[in-house]
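This briefing covers the structure shown below. The points are grouped by topic.

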Amino acid sequence: MDLLEYQGKQLFARHGLPVPEGRHATTVDDAVAAAAEIGYPCVVKAQVRIGGRGKAGGIKVAKDEAEARTHCEAILGMDIRGFTVNDLWIEEASEIDAEYYASIILDRSAKKLLAIVSRMGGMDIEEVAESDPDALVRRHIQPGEEMTLELAREIAVDAGIDDDVTDQVAEVLVKLAKIAVAEDATLLEINPLIVTTDRKVVVLDSKATIDGNSLFRHPEVAELSDASAEDPQEAMAKEKGLTYVKLGGNIGILGNGAGLCMSTLDVVAQAGGEPANFLDAGGGSKAEAIIDSLEVITSDPKVTAVLFNIFGGITRCDEVAKGIVEASREMDLEIPLVVRLDGTNQEEGLAILAESGLDNLHQEKTMLGAAKKVVELA
Amino acid sequence: MSIIVGSDTKLVVSGLTGREGSFHGLRNREYGTDLVAGVTPGKGGQDVDGVPVFDEIAEAVSERGANTSMIFVPAKFAAAAIEEAIDAGIGTVIAITEGIPVLDMMRVYWRAKDAGVRLVGPNCPGVLSPGKANVGIIPAQFFDQGAIGVVSKSGTLTYQIGNELKQAGLGNSTIVGIGGDPIVGSDFIDVLTMFEDDPDTELIVMVGEIGGDAEERAAEFIADSVSKPVVAYIAGFTAPPGKQMGHAGAIISGSSGTAEAKKDALEAKDVRVGTSPTEAAQIAVETLRR
């Protein structure tokens with residue numbers, strides 16, 4: 001789960017990292033009031049879960065109330081690369097001497113936490129890694145090893161951090177590593193980590209990702225998930241406990257199992273179709289789950305046909321067939337439904353479909369056959 | 001011979017008294033797996049259809065000789081259950097549970113490695129050696145005994161491929177579900193190593209998906225250390241970047257972890273990659289029949 005900048009900064013502040021004063025606001029009036037509290041100059045910052053805010057005009061300095069109001073009005077509601085700005089963070093302006101980079105990332109390949117520090121902050125770190133790899137110091141935290149102040153200092157020195165602020169940067173790194181473990185963060189990135197003109201190290205930006213599987217033990221973080229930013233189908237699916245991702249095409253897809261579902265998307269695309277969504281109906285799908293799934297898929301106005309690709313292991317084809325027939329009747333569906341049933345109770349399932357008398361139901365025995373059929377009918 | 005599970009398996013199920021644990025544990029026993037015990041703290045002394053239940057895995061080891069653990073407990077408790085199994089001297093741990101926090105798995109991975117324990121999963125369907133033993137939720141009816149080893153991140157997609165192989169008259173030595181999480185106990189390289197050393201396995205089918213670089217690393221490993229033919233299938237060409245597709249590990253981050261990159265890496269090492277599960281099965285059939 002990605003945190004907004006201000007949420008990450010609040011998390012950092014709770015753990016003793018130096019962050020500038022700031023206030024969160026969701027209306028222009030509140031934001032302007034916040035600016036008055038913070039004092040001028042201050043920075044009006046768009047809060048969205050994507051980078052490139054500065055370039056898009058989402059970060060502006062205000063030297064007085066008039067400017068603050070102008071900026072807030074312009075930025076609130078702005079679209080930044082597909083994300084709508086619903087939140088602002090009004091922050092005290094910092095006087096910047098230097099911009100560094102520091103992060104702790106879960107390296108899933110190495111199965112270890114990775115610390116990265118660089119004196120080249122304030123720019124795209126992937127570009128720095130490519131053009132100037134020596135400017136990045138990378139150090140895995142070994143299993144059973146802790147990020148000690150000593151180790152953190154070594155890393156800072158290696159990265160060429162200025163002598164007078166090496167200790168401060170090292171302390172930031174130590175705290176970052178602690179936060180990663182305490183808060184189940186798979187990514188904690190400070191870019192830039194600045195040195196102010198009075199030589200204080202301050203967190204100027206925050207990018208944080210919390211492991212979705214850990215939210216049960218971080219209820220305050222779980223609450224931060226933003227329902228309003230979500231796509232209506234994705235929100236509906238979440239409510240019904242379904243795993244759904246919208247893709248934008250016109251062929252609705254339902255499969256049992258994430259791998260099988262991804263494979264179905266691929267096979268439909270190969271057959272020339274455009275999948276509308278990914279939906280994993282999960283194992284042991286009963287009629288109820290099928291009905292819920294169909295409701296979500298067909299609530300998307302772009303959908304003109306639906307493909308069910310079921311390979312029943314624990315899931316029984318006759319249960320799925322019952323669900324499809326019931327849903328189609330209940331919802332009075334007219335769009336073509338192509339159903340491929342294989343595995344446990346395949347024959348019983350196909351019989352239920354055949355006997356349903358629903359003429360928008362088309363059965364197929366193979367995955368490839370079903371993909372071709374749904375593309376034809378969509 | 002098969003790998004990981006077989007006729008020597010003595011299984012203890014953590015969570016045997018739960019609904020899923022008992023359903024699948026007893027199904028495994030019905031298949032022929034030697035189910036020797038169940039563990040649920042506080043329910044020691046009970047039994048599930050004659051299978052004795054203990055409070056701790058250590059008791060299942062000392063009193064029933066358990067050597068393999070299946071973890072069927074909720075995500076909150078699963079990492080601790082895996083560690084308990086390791087501490088109790090269990091040699092093979094198969095974790096079915098989905099939703100275990102990734103930093104828990106990072107810690108557990110290294111503990112298992114240090115202890116020399118074979119950990120499979122989590123978020124996996126388990127391991128099936130047809131004709132010998134089934135530990136997990138893989139429906140055994142779609143697989144025959146034979147010479148093809150299968151290693152896969154997915155569940156139902158694997159059943160699909162297994163069924164196609166069976167229909168072509170071919171069978172499997174062992175099917176290993178390694179799971180769909182970002183950090184798993186055994187990845188492709190670990191299982192390929194075992195298949196390479198297994199006299200019953202003649203060809204290996206590898207089923208991967210978007211996310212991480214396990215397939216790319218496996219490609220390098222295959223070129224260096226695998227003499228048996230390998231056929232692959234990769235799911236997720238149509239997945240958009242940045243979106244998690246079901247499995248916690250199935251996410252394209254930035255430019256890495258794409259299906260194209262995995263396919264290219266494998267083909268560069270002469271591993272044929274099917275464009276659909278059906279095609280992958282067909283390639284395996286052709287290759288074996290040559």
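Chain A of this predicted model contains 13 helices and 19 strands. The C-alpha trace of chain A spans about 80 × 50 × 40 Å along its principal axes. Of the 378 residues in chain A, 48% are buried. Contacts in chain A between residues at least 6 apart in sequence join residues at least 24 apart in 69% of cases.

**Nonpolar core**

- The largest nonpolar core has 216 residues, and those with the most contacts inside it are Val169(A), Leu173(A), Leu193(A), Ile71(B), Ile82(B) and Val93(B).
- Helix H6 of chain A, residues 166-183, gives the most to this core, with 8 residues.
- Beyond its neighbours within four places in sequence, Val93(B) is in contact with Ser69(B), Ile71(B), Ile82(B), Ala85(B), Ile86(B), Ala112(B), Val117(B) and Leu119(B).

**Helix H9 of chain A**

- Helix H9 of chain A runs over residues 258-270 and has 13 residues. From its first C-alpha to its last, H9(A) reaches 18 Å, close to the 18 Å expected at 1.5 Å a residue.
- H9(A) is largely enclosed by the rest of the structure, because 11 of its 13 residues are buried.
- The buried residues of H9(A) are Ala258(A), Gly259(A), Leu260(A), Cys261(A), Met262(A), Ser263(A), Thr264(A), Leu265(A), Asp266(A), Val267(A) and Val268(A).
- Gly272(A) follows H9(A) and has a positive phi, near 95 degrees.

**Contact between chains A and B**

- Chain A gives 40 residues to the contact and chain B gives 43 residues.
- On the side of chain A that touches chain B, the elements giving two or more residues are strand E14 (243-246), H9, strand E16 (277-280) and H13 of chain A.
- H9(A) supplies the largest share of that side of chain A, 11 residues.

**Helix H13 of chain A**

- Helix H13 of chain A covers residues 367-377, and its buried residues are Met367(A), Ala370(A), Ala371(A), Lys373(A), Val374(A) and Val375(A).
- The cover over the buried residues of H13(A) includes, from chain A, strand E15 (251-255), H9, strand E17 (305-312), strand E18 (337-343) and strand E19 (361-364). Helix H9 (277-289) of chain B is also part of this cover.

**Helix packing in chain B**

- Helix H5 of chain B, residues 156-167, packs against H9(B) at an angle of about 40 degrees, with the two axes 9 Å apart. That angle makes H5(B) oblique to H9(B).
- The crossing in which H5(B) passes H9(B) is right-handed.
- H5(B) makes the contact through Leu157(B), Gln160(B), Ile161(B), Glu164(B) and Leu165(B). From H9(B), the contact is made by Pro277(B), Thr278(B), Ala280(B), Ala281(B), Ala284(B) and Val285(B).

**Val128 of chain A**

- Val128(A) is placed in helix H4 of chain A, residues 125-131.
- Val128(A) counts as partly exposed because it has 18 C-beta neighbours inside 10 Å, where a buried residue would need 20 or more.
- Not counting residues up to four places away in sequence, Val128(A) touches Ser118(A), Met120(A), Met123(A), Ala135(A) and Leu136(A).
- Ser118(A) is 10 residues from Val128(A) in sequence, and their C-alpha atoms are 9.1 Å apart.

**Cis peptide bonds**

- Tyr40(A) and Pro41(A) are joined by a cis peptide bond with omega near -5 degrees. Pro41(A) lies in the loop between helix H2 (28-38) and strand E3 (42-47) of chain A.
- The peptide bond between Gly121(B) and Pro122(B) is cis, with omega about 15 degrees. Pro122(B) sits in the loop between strand E7 (118-120) and strand E8 (126-129) of chain B.

**Positive phi outside glycine**

- Arg199(A) is not a glycine, yet its phi is positive at about 60 degrees. Arg199(A) is found in the loop between strand E11 (185-196) and strand E12 (201-203) of chain A. With 12 C-beta neighbours inside 10 Å, Arg199(A) counts as exposed.
- Asp270(B), also a residue other than glycine, has a positive phi near 65 degrees. Asp270(B) belongs to the loop between helix H8 (259-268) and strand E14 (272-274) of chain B. Asp270(B) has 11 C-beta neighbours inside 10 Å and therefore counts as exposed.

How values were computed: Residues are numbered from 1 along each chain as its sequence is written. Chains are lettered from A and ligands numbered from 1 in the order in which they are written. This is a predicted model: local features need pLDDT of at least 70, side-chain atom pairs count only at pLDDT 80 or more; totals for chains, interfaces and linings use all residues. Helices (H or I, at least four residues) and strands (E, at least two) are DSSP runs, numbered from the N terminus. The expected span of a helix is 1.5 Å times one less than its number of residues. Two residues are in contact if their C-beta atoms, placed from the backbone, lie within 7 Å. A nonpolar core is a set of buried Ala, Val, Leu, Ile, Met, Phe, Trp, Tyr and Cys residues joined through C-beta atoms within 7 Å. Axes are lines fitted to C-alpha atoms, for helices over the stretch in contact, and angles run from 0 to 180 degrees between N-to-C directions. Angles under 35 degrees count as roughly parallel, over 145 as roughly antiparallel, 65 to 115 as roughly perpendicular and the rest as oblique. A crossing is left-handed if the near helix is turned anticlockwise from the far one by less than a right angle, and right-handed if clockwise.
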